[in-house]
Amino acid sequence: MVAGPGSAVIKGLSVVRKGLFRTKLPVIGECARVDMSAGDAAPYLERDMYMLLGFEPHFDQLPEEPPSNPEADRLFWPEWR
């Protein structure tokens, strides 16, 4: 069995790396929420890393989810510079 760029073969099984949705987060910016197959990068990957690692579906096909909190666009520590 041959694995594609977004999958890995583990004992004959193909594992597809999945993106769940895309959003914007403070500090990270535009990113995708991914499953735990992203390893240390989980749970969020920047757009470029998501595409480089071959996650599916394509970044632009992920459903867009706005931040759940209206204050999510603010800096974590606005007084800290």
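Analyst: Leu-25 has Gly-29 in strand 4 as its bridge partner. This is a predicted model, in which local features need pLDDT of at least 70, side-chain atom pairs count only at pLDDT 80 or more, and totals for chains, interfaces and linings use all residues. Residues are numbered from 1 along each chain as its sequence is written, and side-chain values use heavy atoms, with hydrogens and water left out.

User: What counts as a strand, and when do two strands pair?

Analyst: Strands of a sheet pair through backbone hydrogen bonds, either parallel or antiparallel. A strand is a DSSP run (E, at least two residues), numbered from the N terminus; two strands pair if DSSP finds at least two bridges between them. Here, 6 bridges join strand 3 to strand 4, and these run antiparallel.

User: How many residues lie between strand 3 and strand 4 in their hairpin?

Analyst: The hairpin has 3 residues between the two strands, and Val-27 in the turn has a positive phi of about 75°.

User: Which bridges involve strand 5?

Analyst: Strand 4 (residues 29–34) is joined to strand 5 by 3 bridges, in antiparallel fashion. Ala-32 stands opposite Leu-45, and Arg-33 has Tyr-44 as its bridge partner.

User: What is the strand order of the sheet, and which strands stand at its edges?

Analyst: The sheet is open, with 3 strands in the order 3-4-5 and antiparallel pairing. Strand 3 (19–25) and strand 5 (44–46) each have a single partner strand, so one side of each lacks a neighbour in the sheet.

Conventions:
Helices (H or I, at least four residues) and strands (E, at least two) are DSSP runs, numbered from the N terminus.
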